[in-house]
Amino acid sequence: MKSLLDSALSALRSYIEKNHDGNVASAARALDISVPTLHTWIKGTRIPSFSKMAPLLEKIGAYICLLYTSDAADDRISV
């Protein structure tokens with residue numbers, strides 16, 4: 001299962017590929033974020049904070065759905 005960050009970055013990569021033909025610089029300008037910042041996030045050199053990532057996801061219309069399963073919850077809260 002992907003982490004929240006992995007899912008967010010995957011949505012951002014898809015947006016860049018589909019809407020900007022893979023051009024990170026073009027996407028950065030459209031999203032009003034610095035080109036070097038977006039490059040480092042996409043390459044995995046730096047990890048964005050959720051407070052930085054959330055507005056971008058909103059701009060591209062991406063929503064991350066978290067699924068809750070009772071088995072996972074039982075594993076986390078077992079004593």
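Analyst: What follows goes from the chain as a whole to the core, and then to two further residues.

This is a predicted model, in which local features need pLDDT of at least 70 and side-chain atom pairs count only at pLDDT 80 or more, whereas totals for chains, interfaces and linings use all residues. Residues are numbered from 1 along each chain as its sequence is written, and side-chain values use heavy atoms, with hydrogens and water left out.

The secondary structure comes to five helices and zero strands, where helices (H or I, at least four residues) and strands (E, at least two) are DSSP runs numbered from the N terminus; read along the sequence, the pattern is α-α-α-α-α. Of the chain's 79 residues, 29% count as buried, a term that stands for under 20% relative accessible area, with exposed meaning over 50% and partly exposed in between (1.4 Å probe, protein chains only).

The largest nonpolar core has 18 residues; such a core is a set of buried Ala, Val, Leu, Ile, Met, Phe, Trp, Tyr and Cys residues joined through side-chain atoms within 4.5 Å. Leu-12, Ile-16, Leu-38 and Trp-41 are the members that touch the most other members. Two or more residues each are given to this core by helix H1 (4–20), helix H2 (24–31), helix H3 (35–43) and H4, and the largest share, five residues, comes from H1. If residues up to four places away in sequence are not counted, Leu-12 touches Leu-31, Leu-38, Trp-41, Ile-42, Met-53, Leu-56 and Ile-60, a contact being heavy atoms within 4.5 Å. Across the chain, residues 24 or more positions apart account for 49% of the contacts with a separation of 6 or more.

Turning to the two further residues, His-20 lies in helix H1 and counts as buried because its relative accessibility is 13%. Its side chain is joined to that of Ser-26 by a polar contact of 2.8 Å, that is, a pair of N or O atoms within 3.5 Å, of which, within protein, one must be able to donate a hydrogen and the other to accept it, and residues adjacent in sequence count only if both atoms are side-chain atoms. Leaving aside neighbours within four places in sequence, His-20 is in contact with Tyr-15, Ser-26, Ala-27 and Ala-30.

Ala-54, in helix H4 (residues 50–60), is partly exposed, because its relative accessible area is 25%. Although Ala-54 and Ala-8 are 46 residues apart in sequence, they are 8.5 Å apart in space, C-alpha to C-alpha.
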